Each structure stands twice: as C-alpha cells, then as structure tokens.
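Please keep the sequence and the structure in view while reading.

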There are 2 protein chains.
Amino acid sequence: MPWSLEEHAYRKLSLQTDARIVFLIFDGLGDLPGPNGLTPLEAAQSPVLDRLAAEGACGHFDPVAPGITPGSGPGHLGLFGYDPLRFLVGRGVLAALGIDFPLEPVDVAARFNYCTLDGDGRIVDRRAGRISTEENQRLTGILDAKLRDAFGDVKVFIRTVSEHRGLLVLRGEGLGAAICDTDPQATGVPPIDAHGDDEASERTASIVREIVARAGEVLAGEPKANGILLRGFDRHPNIPSLSERFKLRPVCIAQYPMYRGLARLVGMDMPQAPAKLQDLPDALGAEWEGHDFFFLHVKYTDKAGEDGDFERKVGVIEEVDRFIPRILDLGPDVVVVSADHSTPASLKAHSWHPVPTLLWAPGTVRPDNVDSFGERACIAGGLGRQRLINLLPLALAHAHKFQKFGA
Amino acid sequence: MPWSLEEHAYRKLSLQTDARIVFLIFDGLGDLPGPNGLTPLEAAQSPVLDRLAAEGACGHFDPVAPGITPGSGPGHLGLFGYDPLRFLVGRGVLAALGIDFPLEPVDVAARFNYCTLDGDGRIVDRRAGRISTEENQRLTGILDAKLRDAFGDVKVFIRTVSEHRGLLVLRGEGLGAAICDTDPQATGVPPIDAHGDDEASERTASIVREIVARAGEVLAGEPKANGILLRGFDRHPNIPSLSERFKLRPVCIAQYPMYRGLARLVGMDMPQAPAKLQDLPDALGAEWEGHDFFFLHVKYTDKAGEDGDFERKVGVIEEVDRFIPRILDLGPDVVVVSADHSTPASLKAHSWHPVPTLLWAPGTVRPDNVDSFGERACIAGGLGRQRLINLLPLALAHAHKFQKFGA
C-alpha cells in the first residue's frame, strides 16, 4: 500500500528523543447534549481536564472522515496515526491479537460467537445467553481437541476470547480469507453458509462449513451454546510499527483484548494491565523508563454510552480526572486527551461526530482561548477540526520529535 | 476515473432508510458586507433560519477548493457530493440535460447564443438583444430543418433553450469533443473559428465551422439574431447516480434548466417546478412520498448578487425564510441550508468565498454556540471549514444512512 506524501515526510523526519508523550484515551468520549442541555463531558466536574484545556490547545478530530461512524479498530488506527481507510483490520485478527495468539502470515482468523439454535437450526440467541468464560473454555477445549488435526495439512486452532466469544484460526499454505460472515446478525433465521469470493477462499470456506457442521454435532446436547456464528475472516495485515514509522518506544496500558490487539498491531509493548481504573497511573509509572509513548485506554466511557447511561459516563470522566495529577507527576512532555470515536448516550451507539481533543505541552503548545474541556468549548480551539490521523504527528511535533523539513 | 478511499467507503456504507433530507439551496448565497457593514444574509430578518442555526450546527464549506470560484456546474456537483475537480461537465451537456434532450454516449453537445454581427462579421451583441424564446423557436426550427441531415452520417440537432440560448448536438460515430469555444466573450471582434485538439475533434470542428457558416447564410436577413456563438463542447459524462452511490431516491424542485440538468445528471426525479417561489413547499410536499432526498433550488439570490442588488438579495432571503415553516411541517429528519457558491453583490459575480451552511437534525446533531445564520456567525460553527463534497455525507450520517465502518 503506497504511503501518502505526508506519511512519507513524517517517517523521514522523525527523531528518537527522550521526550515522553501520554495519550489518555477515553473510549467513545464524544457525546450529544443530555436532558440538561450539556454533554457528559460538559456536565462532569473535571477541574484537571479543564486546566489542561486552558493551558493547552483544543480541537475536534474526525476519526475516519466526516460522517463516518468508526468501529473500535478504525478509531484506534486513526489515533495511532494510521489511515483507517487504508489499513483495514478484520475482527478475527483483532481477536487473535487481543488474546496473544501468535498469528503467522499464512493464517486465516475469524471471530466466533457461541449461539443458541432451535430444533430447526434457526438462531434463537446470537450470544448463547452470554455463557460464562469458564463454560466457553470447557466447550472450546473439546472443539479444539476434536478439530485440531481433522483437516490434513490445514491446522485448526479454536480459542476462548471471553464469555460467548471465541477465535478460529486456520493455518496452512494456500488458504484464502475472502469469506463471508456466517452470522446473519438476526434471530429467527439459520446461520449463513460460509462461501469464498475466490478459489482459495472457497476452498477455505469448504473447511469452515465442515468445522461448523462438526461443531454442531459436538455441541448438540448443550442447552445454550449449541452452535457457532463466524465473522470477520482476515489475515494479519503486517502494519509497519510505530517504531519503524516514528522511532517511538510505545507501551499500551489497556485491559480489553480488542484494544490490546490494536496496540500490538502497531508494535506496542504490552504489560499486564491493572484491573482497577485508579491503578492506571501506577501501571504507567512502572513503564516510564524505556518508553516514550504511552497509550492509556479507558473503556468505561464507551460502555456507559452504549448503555445510554449518561450519569455513569459523567462519573467515569470525573474518576479519571481525579487521577490525572498522578500522571502529571511523572513529568510527561506532552499529554493528549482524546477518543477513538463518539458514543452518545442518547444514541446508545458509536457515532460519526468528531472527538473533542486537548493537547497539553508546556513550552511548545500555542494556547487558544478555550478554558474548559467539552464538545462546544473545543470548537473554538486552536487545533480546529481535522482528521484524527493528524493527531499523533501533532503530538510528536510538540515533543520535538520531528526534524525540520527542507532547508 | 478512480474513486477516492472516502468515496469508496461512503458508497459501501450507505443504507436505504425512510429518513428524509431536504437541501434548501440559495444559489450564490454567500456575500460580503454591504454599506451598512452587514452581508445580505446578516442583514435579512430571517428568524426561522436563525432558529435552525441555533438548534443545529453551522460551518463554512469551500465549493471546490480554497480560492477557487466555481461556475454553477462545479458548485452543484460539490453540493451533491461529487468532486468538481474530477467530474467535469461541459455547458453543452448541462443545456441538453436542462431541456430534456436525450443525449446518447456518442453525442457531442454545445451551448450556443444567437448573436448580432455587423457588416464586417464583428460581434455587436453577444446575446442578440436577448430575443424572445418564441423568436428563438422560430429561427431554431428553420436551422434544425436545414441542417439536420446535411452532414451524411453525422446528424445535427438544434434546439431552443430560452431567449437567446440554444443547444447544438452532433450525433455520429468517431466524433471528438475537444473543441474550442467560438464565443470570444467580447464584442467588436469576430467569432473564433472552431478547431479541435485531436484528430477526431478536428474532424468534428470542421463540421462545426460549416454549421456556423450555413447558419450565417440562413440568418443573414435577421435584424438581431444573425449569427451564433458556441461554447462548452462536451459529451455526457456518465456520472454514477445518487441512487447508485448512496441508495437515495432524490427529487429536484428547480425552475432553471441548468440546475435541472445538473440534478438529472446525478439521477434526480424531475417534476414540473412551480413558477412562484412561495409555491416551493407545496411542490416539495407533492413529492414527499417515494423520495428521501429533496433538492430545492432558489435562483434569485444569485441573480440579485449578479445584478449587484443588495436589497433584492435580502428580500429573497426573507421571502424564503417565511415559507420554511411549511417545509418543517412536512417532518424532514435533516434540513441543510447552503449554497453552490458565493455571489457577492459588491462583486456582481460568483466568488471563491466559502458558503455559510447550517445542518439541522433533531436528536442527531451536536449543537454549537452559533445562534444566527450569517457569514460571520458560521465561522464559530461546529462543522468548521471544510470542502463542500463533505456536506452530503454529513447529512446522510445525521439521517442514519450510513452503517458503522469496521469492527
């Protein structure tokens, strides 16, 4: 895939320095006004974020392009400086990366859900009553053992992700990944038969159909999880790392598999993440030496948005605001607060609205007139409205990580 | 012509839904301050537009690219989401579309004006004293009959557009459209001889020269319209329709041939348009069932701008403002108020200034702090400043007409 002129320039100009950049990412932060006329970010008591906004520069960033609602993959690729329209990553690959499954270049991966089928083979529950992770592990262990070596030269790996979610990987020469989802994303209908768009993919799809059939036999007696639904067939996309592109030594502090997977995709180190939100600064501090780019991921703003829970979203923002001083105590050179996309509580879903963003960098940032961190306040910010892929280069510049371009 | 990655994504993500989008387009709306320091839009008493601006999001859109002054063709293509730098449409094609002439792929079309020539063949009046449409029809009937079959395998069609304006179409295999204008856009000089840039076009140009000569003979005795001036040779560009690109069922409510032609080019339905401005809402209501995208074109703001008539431009805006409530009564999901370009009254011409724009969409729009609709007010709008080709995708997003991009 050819690089744009900007990407070429950024790569060529990048410098390794000791300056440290923290990306504090509130998943799904952007929102719409709630009943009181304010968004969760505007309603939150967040004096530290307001101070950073006042001292720094603010703006709005379109995750992919105006009007496009991103999934978590495209949103995070944009944050990491990769054009989400050119780097497409399938759900299967994200799932594999998230559970540390060592994907090889020949592998084809897909996400699957355990589901509940009725006597006629129609889908009753696309998530099999959200079975427990332990139940998933039990069933997955049986399936993996039965199917691993059942297809000759093509090896089959079946792994637990969490709850009803699993990973299927096929390994062998000559496989194809252009295979349709078997999940119809609806109940009352049977799963879709896998089929491939080209010869290699159709050959691979025939193995997938056989796997689905045998899994059905193995799971026949299960009360909830008696079938599987596959989606997001893909290969590892071999994305150039942040180290290759920007000479960064990046580290990820995130709990959820998908975000860890995305961070691994761009070459971030991956320590164990703390279970509790307020332990994030300590986890960050533990990685302070040896790294210069820190991706901190806060999932719960997105969860609250998806649940339509305005107040919980406010609460998460306020909780994070209280521990930001401990991040600042570490002495970062640049702090960016942003998001991968908006998840308005009123829509209970991701949306296309641009994400409010602040860039704090003592001594190098040009301040604007924004004095609080919120959707409306950021409109007047000095960063204006631009594409999210520009945000990382802006942070690098404020950390003096780019040489001058041209004489 | 290859599509951009954004265009690909928009096309792939688009969904057909029942949500209805109204594009209320004031031709040439954008302006500069007049004697009282306000622009016509700022000076107009337009409480409804101000309310929509307060409830919605505002911004400025560059019709083509910063600094470029568009003709009506590029301006409208931008509004309809087509990059005007890639989709070039000649005036001849627009004229043909505007009068419902059924252009075929082999055809080459050009606009012509009847003109007045003096005894030495120099242009005295480029518009032949703006002869009446009836007079045009009389002359055009004679020319068409005389020339239709005068060139063997190449058929000639000559049609009335309106007043001094006409359409020439050549139909035959192997024609070329790279032919210069014969209109020198000046008086006191003779028309330019047609010539072609390549072999096929030069062959075609030789037919055009012969047509001009024979037309001169036929019209020799006419007091006003004794010559013709040609411009905008082109073929039908075969632009993919709004239905193909965005799954829309669009309809155009416009009176003027050129705008109807542009709308037809992108596949809009085309009912008879009302003669009076205040009848626009009723015409819209008559098309409400069966359509989900409504292009309403108000020509008179541009005309007033071209005439340098500040007060008349204010009056048109106020007249439209009064009938907008009747549009809102129909229950649209998204209303966009924008323009194809600016036509400042002080410049008496189209200009490059971005167009003030509001997007109103209850429940899905993120409001900003703008509380009136005007050039200066829109600078602080949440839509920022961007290219006009982004406006339709933004409207589609606010009508929930895009799926999520990626997992």
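Two residues are in contact if their C-beta atoms, placed from the backbone, lie within 7 Å. Only 7% of the interface residues of chain A are also interface residues in chain B, so the copies meet through different surfaces. The model is predicted: local features need pLDDT of at least 70, side-chain atom pairs count only at pLDDT 80 or more, and totals for chains, interfaces and linings use all residues. Residues are numbered from 1 along each chain as its sequence is written, while chains are lettered from A and ligands numbered from 1 in the order in which they are written.

**How the two chains are related**

- Two copies of a chain are related by a rotation about an axis and a shift along it.
- Chain A is superposed on chain B by a rotation of 123° with 0.2 Å of shift along the axis, leaving an RMSD of 0.2 Å; this is the relation of a three-fold axis.
- The superposition is by least squares on the C-alpha atoms of residues with pLDDT of at least 70 in both copies.
- A380(A) is the residue of chain A that comes closest to the rotation axis, with its C-alpha at 3.8 Å.

**Where chain A touches chain B**

- In this interface, 28 residues of chain A are in contact with 22 residues of chain B.
- At least two residues each on the chain A side come from α4 (72–79), α5 (91–98), α13 (375–379) and β12 (384–387) of chain A; helices (H or I, at least four residues) and strands (E, at least two) are DSSP runs, numbered from the N terminus.
- The greatest contribution to that side is made by α13(A), with three residues.
- The chain A side has 15 nonpolar, eight polar and five charged residues; Ala, Val, Leu, Ile, Met, Phe, Trp, Tyr, Cys and Pro count as nonpolar, Asp, Glu, Lys and Arg as charged, and the others, Gly among them, as polar.

**The sheet of chain A**

- Seven strands form an open sheet of mixed pairing, in the order β8-β9-β1-β10-β11-β2-β12; two strands pair if DSSP finds at least two bridges between them.
- At the edges are β8 (250–253) and β12 of chain A, each pairing on one side only.
- Strands β1 (21–26) and β9 (293–298) of chain A run parallel over six bridges, and F26(A) stands opposite V298(A) in β9(A).
- Helix α14 (391–398) of chain A packs on this sheet, touching β1, β2, β10 and β11 of chain A, and its direction makes about 160° with that of β10(A); axes are lines fitted to C-alpha atoms, for helices over the stretch in contact, and angles run from 0 to 180 degrees between N-to-C directions.

**Buried helices**

- A residue is buried if 20 or more other C-beta atoms lie within 10 Å of its own, exposed if 12 or fewer, and partly exposed in between.
- Eight of the eight residues of α5(A) are buried, so this helix is largely enclosed by the rest of the structure.
- The buried residues of α5(A) pack against several elements of chain A, including α4, β3 and α9.
- Just after α5(A), D100(A) takes a positive phi of about 65°.
- In chain B, seven of the nine residues of α9 (257–265) are buried, among them M258(B), Y259(B) and R260(B).
- The elements covering the buried residues of α9(B) include α4, α5, β8 and β9 of chain B.
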